[in-house]
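Colleague: Please take one part of this model and go through it closely. I would like to know what surrounds it, and then how other parts of the assembly compare in layout.

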Amino acid sequence: MADSLQGPAAAPAAVELRGLTKRFRHVVANAGVDLRVEPGTIHGVIGENGAGKSTAMKMLYGLYAPDEGQILVDGKVCSWRTPQDAIRAGIGMVHQHFMLAGPYTALDNILLGAEPSPSWAGFLPRSLRPVDRSAARARLQKLSEQYGLPVDLDAPIERLPVGIQQRIEILKLLYREARVLILDEPTAVLTPQEVIALFENLRKLKAEGKTIIIITHKLKEVMSFTEKVTVFRAGRVTGEVETAKTSPQELANLMVGRKVVLSVEVPPQPPLGPPVLELDSVALDRRHGKLDGVSLQVRAGEVVGIAGVEGNGQSELMQAILHPRDPGCRSSGKVRVLGQDVTANTTAEIKDLGVGLVPEDRHQEGLLLERPMTENFLLGLQRSPRFASGGFIRQDELEQACRNAIREYDVRPAAIDLELGRFSGGNQQKVVIAREFERKPRFLIAAQPTRGVDVGAIEFIHQRILRARTEGAGVLLVSSELDEVLALSDRILVFYDGRVAGEFKRGECTEREIGLLMGGGS
Amino acid sequence: MSIVRRVGSVFLVFACLASPAFAGIKVGLVLDRGGKDDKSFNTSAYLGVQQCKSKLGAEFKHVESPDDTSYETLIRSFAQKDYDLIIAVGFAQAEAVKKIAPQFPNKRFALVDSVVELPNVRSLMFEEHEGSFLVGAMAAMSSKSGKVGFIGGMDIPLIRRFEKGYEAGVKSVNPKATVVSNYVGVTGEAWNNPPKAKELAISQYQAGADVVFGAAGASGMGIFDAAEEKGKLVIGCDSNQNWIKPGKVLTSMVKRVDAAVYDTCEAVAKGQFQGGLKRFGLGNQGVDYALDTNNDKLVSGEMRKKLEALKKSIVTGKIQVPDFYKMKGKNG
Amino acid sequence: MESWRGRLQPLAAVLLGLSLGLAVTAVAGENPWNVLKVLAQSSLGSWYDLGMTLFYATPLIFTGLSVAVAFQAGLFNIGAEGQLVFGALGVAAVGALAPGVPSPLAPLVGILAAVVGGGLWGFIPGWLRARRGSHEVINTIMLNFVAAGLSSWVTLYLLRNMDSQNPETRPVGAGYLLGHFSSVFGDAPFSGAFFLALLAAFGVWVLLWKTPLGFEIRAVGQNESAARAAGIDGARIRILAMTLAGALAGLVGVGEVMGNSGKFRMGFSPDFGFVGIAVALLGRNRPVGVIAAALLFGALQKGTAALDFETEHVTRDLSSIIQALVILSVSAEGLWSWMKRRKGGMGA
């Protein structure tokens, strides 16, 4: 742990953070963060949401200025105000959401902001100099050969797959002569195959002497691709370990601060009951999204997992189930929920049949962040006889239910009047789950149930989903975390481009097979 | 001591003789929403009170109402203090005067442009149609196209009265002439909207009118701008507005609010104030057309002669100018 | 729940605006202390003044509630001005066309007319927003103009008071008139409308914070997609909220027509609808806050009207500058804290 060998004899680190502290008003986002990245290595940075890893990286690449502490590059103290300063010092970042302009070509996107100009134009003001594209093209071609990053420079960005877009982002940094590349959750939007390709590229970069920092929450990736890992918790570094000498279990414990159970124990499947969801060639016209004649069934007592790269129709699928009346959500096909044709029903009517929903984006679709927990618990239940009588809300009943939920789901802090935006992601998700289980759902839709949720809460949420199955509910699980789908689902449907591209039973498939289907192969 | 006192009292007597003996009245002036600087109706009232100050040594204070509900408060505020005469300008204040005046029977009130029948209220009414008739005649005499315009502020009977008188004046000179009429609006805002008035005037000029009479309060400024831009003639209203664009203003239909106000102040100062209706027409110079150095060249000797003749006929009753108030039943 | 600092901020904004206004009067050559004294005295100095202040505050409570209810549903109601015109016109029209209705019934009929008139003028932009997706800010602004135009047409061509130069409707029947509390407030046109405003504020509070419907309104306002996922029909709620907002603004007509002038006078409102936005902002969109803010602005309206009279250099225009500075500083503060909340939410 934290063996900082900073003697004068040691070679200077590619990047070193010393005692970095950053405060936002009253919140201390980073407190005395020390981090040392050796040159020519791949270094993992892990931690739960809000643990401070992103803040530290943002200070490193110049978006935030630290309140205290130092940043050293190649052993020299640096200070910068903007990301431009940082890139000049050789430090660049590939963001989780790419910073690319869709309609422009790959070449133009790479040059944007760093346009080369012919030497004769030196007398002109910068903004008026012509762009010397041919020189840039030649240099880029050399770079992409050297690092094994083939790219069609003339294709518009929006027509390129996500994996290639990411490659362009990396080229962009290389073109700017970055020596340290920070990648924020680089695998979140990739298929398993693309992930493998990415890490091959990163190894190549490392071999060419680049230093790479990966921010991630996926322990598996950290274990297989990095040399060293720095673990963040609550704004501090809780460990800096050599990957070869650690285990996922140890990393998880460091992240959470207690012992966690990583593997999911799946109880035996109960006997299958009647269908809770039947879709019959449900489609959506392309103006509104991707959904192409999807037919599927979920029966009571099973978990059906939807695997797929995000943006392949999973969101549209859920919208079509919940809002079948809305032409923006479903243009044709039949939806049956719990044996009843709901194609013409309102969302409230459908949910009242006994449908629970854990939405994929809880901030957008699940919660009122500026409102206290009580009101969030009430959302969707405001007209249920339990919480409303005689035209008024039963405040006492509601508060009692919230207190019970806090106990049962271990929500922290146990404050029913605190606005929900102040809870951590995991605790917010617990409130959503507590609320949806309050309905005693016979059909549960759980979308990205553990996204942005701390490791400790993941364990709990998985158990809760499986318990619903044991109690006889049917569950539709939608997740972009393939591991999660594989672990929880009795059946797996792979979505690609708005269609079901394949179906597997538990244990009948490999990650590789699913990955191929996710990428559009067959 | 006694010498000092005697000398003092001599001075006092002199002082009294020097300025009129009835000095020292206090006048409160409540202007309507147009405000003191509308260069028209309110300005005229303001000038009248100022004249009282310089000629009669009266003290005065003026206020402008921010909304229609404040008239009452303002009039009451004056009445509660030691003001002898409270002048309310504009028909919008009629109701406020009607309400407050009976509560202060010892105070005197004057109301411009509307009638309130109370012993301590003098209602100052103007025969706008008579003056409008004369400027209508002038417009017809000066027009080469045979087409003249009229732009009213708010569409209310008072302004219709201007319009009808003007129209009759035009026709009396040139029966074939046409009069185009437009109003700026139907709310109080219409008195304060020069851009809209300018637009209307420009469209009238473009339609062939070469003289436009504006009876639009502060909106009138837009009409003057339009006349200058188009190089055509305009007729001002209420105050003498000939000076605003010299050479472009044919004349102004002056409504001597200042004279009426001064007259009332004088009556109070002399202790001769009586309530009731006071009419101001061509006969007592309450309304008139304005001649000064600014429009000297625009009005020929022949025109002047004809105008004086017309004026005489109206005063003696030989010409009956149509009065909108009498055309449409009774009116305040 | 808001911290005490959050509650003090709007108060600080009022003080800032007021001091800026007083500074302006100082530049104009008036003793600011004197100006403040006049403001206080003429708004609260006597029973009559207090009555006037309450009279001015009454429409501001209604419009403030109107804007607040819309805000709670995530809508920006700039149309309170048009809605109150329609409400007042509704009362005046019913009162003029059916003047014989006897007293205990007539005020109720009048209130109903105000609610229907204003509610209609709120329903239209609500419907357009919910069903056609056109933005309520644009629609309500436009409808303000339509209301002004339509009301003048009705006033001048259908219900004109022939006995007056003023553009106004015929007086309503005597049964409609609300009594004045002249033994307390003297001549001030203080009427039962003030109590109706307090009742409306209480009603809004109960609705929004104690009933499922109110919860749905607030949920839609806070996060429409979450409300939608929870099965709340956002379109219906928005139409309802705008209709309610319109009805509240329409109730201004009760105080004006039945409690004050006895008729619809064109241009009677010195922008009550727009000042209502500042009232709602200052009152943090809560009924109690709206009442407090409306009382403050009512006092300011009454006080500034007197400044012209009581001081040497403060003219009508300067008084409106004082008012405007207070409104500006309140709005700026409201906007600022709103943006800060947004930013805080993003950072989570």
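Modeller: In this predicted model, the buried residues of helix 9 of chain C pack against elements of two chains, A and C. From chain A these are helix 12 (373-378) and strand 18 (392-393). From chain C they are helix 3 (47-72), helix 8 (193-210), helix 10 (224-229) and helix 11 (234-250). Helix 9 itself covers residues 212-222 and is mostly covered, with eight of its 11 residues buried. The buried residues are Gly214(C), Phe215(C), Glu216(C), Ile217(C), Arg218(C), Ala219(C), Val220(C) and Gly221(C).

Another helix of chain C, helix 4 (residues 80-97), is also covered: 17 of its 18 residues are buried, so the rest of the structure largely encloses it. From first C-alpha to last, helix 4 of chain C reaches 25 Å, close to the 26 Å expected at 1.5 Å a residue.

Chain B can be described by its domains. Domain 1 takes in 2-126 + 258-280, and domain 2 takes in 128-255 + 300-327. Taken over C-alpha atoms, the centres of domain 1 and domain 2 of chain B are separated by 30 Å. Between them, 11 residues of domain 1 of chain B are in contact with 14 residues of domain 2 of chain B. On the domain 1 side of that contact, helix 2 (residues 41-56) of chain B gives the most, with three residues. By class, this domain 1 side has three nonpolar, four polar and four charged residues.

Key. Residues numbered from 1 in each chain as written. Chains lettered and ligands numbered in written order. Predicted model: local features only at pLDDT ≥ 70, side-chain atom pairs only at ≥ 80, totals over all residues. Buried ≥ 20, exposed ≤ 12 C-beta atoms within 10 Å, placed from the backbone. Helix = DSSP H or I, 4+ residues; strand = E, 2+ residues; numbered from the N terminus. Contact = placed C-beta atoms within 7 Å. Domains from an automatic or database assignment. Nonpolar A, V, L, I, M, F, W, Y, C, P; charged D, E, K, R; others polar. Expected span 1.5 Å × (residues − 1).
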